[in-house]
Structure formats: structure tokens, C-alpha cells
Amino acid sequence: MNSLKSYQLGGLQLNNKIVMAPMTRTRATNYIPNELIAKYYEQRASAGLIITEGTSPSANGLGYPRIPGAYSDEQIKGWKQVADAVHTKGGKIFVQIMHTGRVSAQINMPKGATIMAPSAIQAAGQIFSETGMKDHGMPKKMTKDDILKTQDEFVNASERLINEAGIDGVELHAANGYLMDQFINPKSNQRTDDYGGSVENHNRFVVETAQKVADKIGANKVGIRISPFGAFNDLQSDYTEVEETFISLAKALKEIGLVYMHIVVQEDSFGVENARTDRQLDLRKAIKNAFEGTIITGGNVSTIATADAVLEDGFDLAYVGRPYISNPDFVERLKNNIELQAPNPETFFGVDAVGFTDYAFA
Ligand SMILES: Cc1cc2nc3c(=O)[nH]c(=O)nc-3n(C[C@H](O)[C@H](O)[C@H](O)COP(=O)(O)O)c2cc1C
């Protein structure tokens with residue numbers, strides 16, 4: 001029952017140790033969070049912490065259709081509606097800042113936006129669009145100026161989310177093959193300047209951005225998500241320096257004082273063969289040792305026993321993804337031992353309330 005106890009996360013008192021994992025749901029028409037999205041998060045406010053769907057800090061990071069942004073007045077107004085709805089129900093909410101980088105197609109982006117990445121290497125595979133699956137676009141290799149501008153976008157979005165929208169904190173999305181992860185991983189980053197080559201250089205974009213965001217809004221409002229061994233979005237799962245990279249990153253982020261590190265657990269179904277289970281657990285523990293602060297991890301958590309097992313391994317909070325799609329009252333169901341409803345994958349990336357806000361409460 002440890003997972004149902006409260007937890008102090010920086011300045012926030014969480015009602016329990018269950019974290020709703022970030023999940024893209026593509027209901028943000030014109031990239032603007034709307035009333036339906038506010039209702040969806042309000043329904044799930046009994047989670048200890050909600051981490052929202054990936055949200056772009058600029059037009060350049062909008063690689064998918066109908067994902068939200070956090071850079072225009074209308075978007076910030078939409079996020080305020082979301083924050084108010086969740087807070088009214090006593091919940092806490094971080095917005096995940098996701099710049100998609102090369103995981104994008106021009107057809108999904110607003111006019112004038114540019115697909116950019118650490119190197120001009122196109123991601124294999126396809127991406128969904130309003131008119132079917134499309135090849136990923138060829139990214140422009142980011143110049144130093146592009147890097148500085150993009151970091152400013154992360155800072156501005158974070159500042160507006162906190163100061164104008166009243167969101168509790170931001171999570172930097174450095175997982176699952178999006179822009180930050182593209183800098184970390186050798187398959188997508190073949191730069192020879194300060195942002196590529198050595199372990200420290202591969203981490204530089206993330207560490208600098210985290211520092212700049214923390215300087216602006218306070219490190220105790222900034223978390224980060226990473227996915228060691230991830231292969232999703234055409235990254236290299238295993239390479240010589242993988243452990244060294246993430247331990248070095250954890251040490252740098254400890255210095256900045258980030259409020260948490262959130263570690264995705266890989267499964268075979270994510271394209272990681274045999275999922276390197278033991279090495280994953282060892283690395284998660286090494287990251288915890290190096291970072292010392294709060295670690296969120298999980299994957300396939302759907303019972304008190306599986307949530308508590310995450311904590312017994314020495315971590316602090318357990319993330320819950322897919323079960324949160326179909327069980328808005330996930331925590332109450334756990335508490336009262338009520339069976340979970342199964343989610344319908346066909347409406348994961350839908351357009352309306354169906355499969356979004358219409359799952360029943362127990
Ligand atoms: C529909 C869907 C959308 C997702 N979108 C995101 C996202 O925007 N950002 C992110 O970091 N992870 C995303 N994920 C991954 C989840 O956060 C989580 O890591 C994954 O579902 C495994 O956890 P689970 O076994 O509890 O579902 C998504 C997963 C699903 C199913």
C-alpha cells in the first residue's frame with residue numbers, strides 16, 4: 001500500500017505515489033488545448049501527479065497532427081483552463097515539453113515551420129498524418145543559432161506555463177527518440193562540434209536546456225524523462241557508452257537540482273529485443289545513486305502489488321500509462337480493489353470524446 005501514501009515532490013504534496021504517464025492523445029485541434037482536454041485531465045486528478053501529453057515549445061516541434069503547443073496566447077489560455085480544472089479537484093499537473101525534432105512530417109506542421117535535428121539524418125519508418133502514414137521528413141542540421149533559439153523556446157514555454165497558466169511544473173521530454181533524445185543518441189547525432197562526439201557533448205543540449213529552464217522557473221519545478229536502451233523512433237538501443245551517458249547525465253542534473261528523473265522501462269514490444277531487463281534495472285539503480293533525488297519509473301503497473309514493487313526496488317514514484325486511458329479513477333479502483341477497464345487502442349490517437357472522456361467511473 002506504500003504507493004497509495006502521500007509524497008513530497010519539491011514544493012508539492014502529492015496525494016499518492018501514482019503518476020499518470022505522459023500520453024499523446026491528439027485531441028488538440030489547431031494545436032490548442034481545449035475544454036475536452038481540460039475535462040480529460042480533471043477526470044484523472046486523483047493521480048498523485050499528472051504528466052500531460054507531449055506539448056511543443058514551438059511550431060518547429062509540432063511533428064504530429066493535433067498535439068498541443070505552449071507558445072501562443074491561445075495555447076497558454078487553454079493550459080490555464082486545464083490547470084484550473086485539475087487544481088479544483090485537488091490534483092497536481094506537470095506539462096511535458098516535447099520537441100519532436102526529426103520525428104515529423106512537413107504536412108503535420110504549421111506553415112513556415114522547419115523540421116530540425118542534431119544531424120541531417122532522416123528517421124527510418126513512417127509517421128501518421130491526417131492523410132495517412134508518411135515518411136519522416138529530412139531534417140535540417142541545427143546550427144549553433146538554431147540550438148540557442150530552441151533552448152529559448154523551451155525556456156519561454158516553461159515560463160508561460162508556470163507564470164501565466166498556473167501549471168505546477170514542466171517535464172523535459174528527453175525520451176523516446178524526440179529532439180532531446182536525438183542529441184543523446186549516437187544514431188541521430190553525428191555532430192563533431194560541442195554537441196556531439198563525447199558523452200559530455202551528447203548530453204550538452206539537454207543539460208544546458210535544463211539549466212536555462214531551471215534558472216527561469218526554479219529547479220524544483222523541472223523534471224525530465226529519459227529512455228535508456230530505447231529504440232523507438234529509429235534510435236540505437238545499445239551502444240558502448242549507454243550506461244556512462246545516462247549516469248553522467250544524472251550527475252549533471254543533480255548539480256542543477258532537477259526535481260525528478262523519470263525513466264521509461266523498455267519492453268520487447270518497443271522494438272528492444274529481450275529488453276535487456278537486468279541491465280535496465282542495474283542502470284536505473286545507478287541513475288538513482290548518481291541523481292540522489294526522486295526517480296519515477298514503472299511500465300505495466302496495474303495493481304497495488306506492481307506499483308509497490310517499483311518502490312521496493314528503491315524508486316520513489318510509479319508511472320501508469322495505458323490503464324489511465326481507460327480508468328479515470330485508477331487510484332480509487334486500486335484502493336477499493338475494483339477491476340480495471342481495458343483501453344481501446346483504436347482511439348488512443350483519436351479526434352474527439354470517444355475513447356477519451358467517455359470511460360466510466362466505477
Ligand atoms: C497512446 C500513448 C501515447 C503516448 N505518448 C507519450 C508522450 O507523449 N510522451 C511520453 O513520454 N510517452 C508517451 N507514451 C508512453 C507512456 O508514457 C508509457 O511510457 C507507456 O505507455 C508504457 O507504460 P504503461 O505500460 O503503463 O502503458 C505514450 C503511450 C501511449 C500508449
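Before you click, a word on the numbers: residues count from 1 along each chain as its sequence is written. This is a predicted model, so to speak of local features a pLDDT of at least 70 is needed, side-chain atom pairs count only at pLDDT 80 or more, and totals for chains, interfaces and linings use all residues.

**Stop 1**

Select residues 35–43, which is helix H1. Helices here are DSSP runs of H or I with at least four residues, strands are E runs of at least two, and both are numbered from the N terminus. Color Ile-37, Ala-38, Tyr-40, Tyr-41 and Glu-42: these are the buried residues of H1. Buried means 20 or more other C-beta atoms within 10 Å of a residue's own, exposed means 12 or fewer, and partly exposed is in between, with C-beta atoms placed from the backbone.

**Stop 2: H1 against H2**

H1 and H2 pack at about 25 degrees, their axes 8 Å apart. Axes are lines fitted to C-alpha atoms, for helices over the stretch in contact, with angles from 0 to 180 degrees between N-to-C directions. That angle makes H1 roughly parallel to H2 (under 35 degrees is roughly parallel, over 145 roughly antiparallel, 65 to 115 roughly perpendicular, and the rest oblique).

Show Glu-35, Ile-37, Ala-38, Tyr-41 and Glu-42 of H1 with Gln-81, Val-82, Ala-85 and Val-86 of H2 to see the contact. Contact means C-beta atoms, placed from the backbone, within 7 Å.

**Stop 3: H6 against H7**

Jump to H6 (residues 242–256) and H7 (residues 277–291), which pack at about 25 degrees with axes 8 Å apart. H6 and H7 are therefore roughly parallel.

Zoom in on Glu-243, which is in helix H6. Is Glu-243 buried or partly exposed? With 16 C-beta neighbours inside 10 Å, Glu-243 counts as partly exposed. Beyond its neighbours within four places in sequence, Glu-243 is in contact with Leu-283 and Ala-286.

**Stop 4: the ligand**

Finally, select the ligand, which 21 residues surround, the closest being Ala-21, Thr-24, Gly-54, Gly-321 and Arg-322. The cut-off for being near is a C-beta atom, placed from the backbone, within 6 Å.

How values were computed: Two residues are in contact if their C-beta atoms, placed from the backbone, lie within 7 Å.
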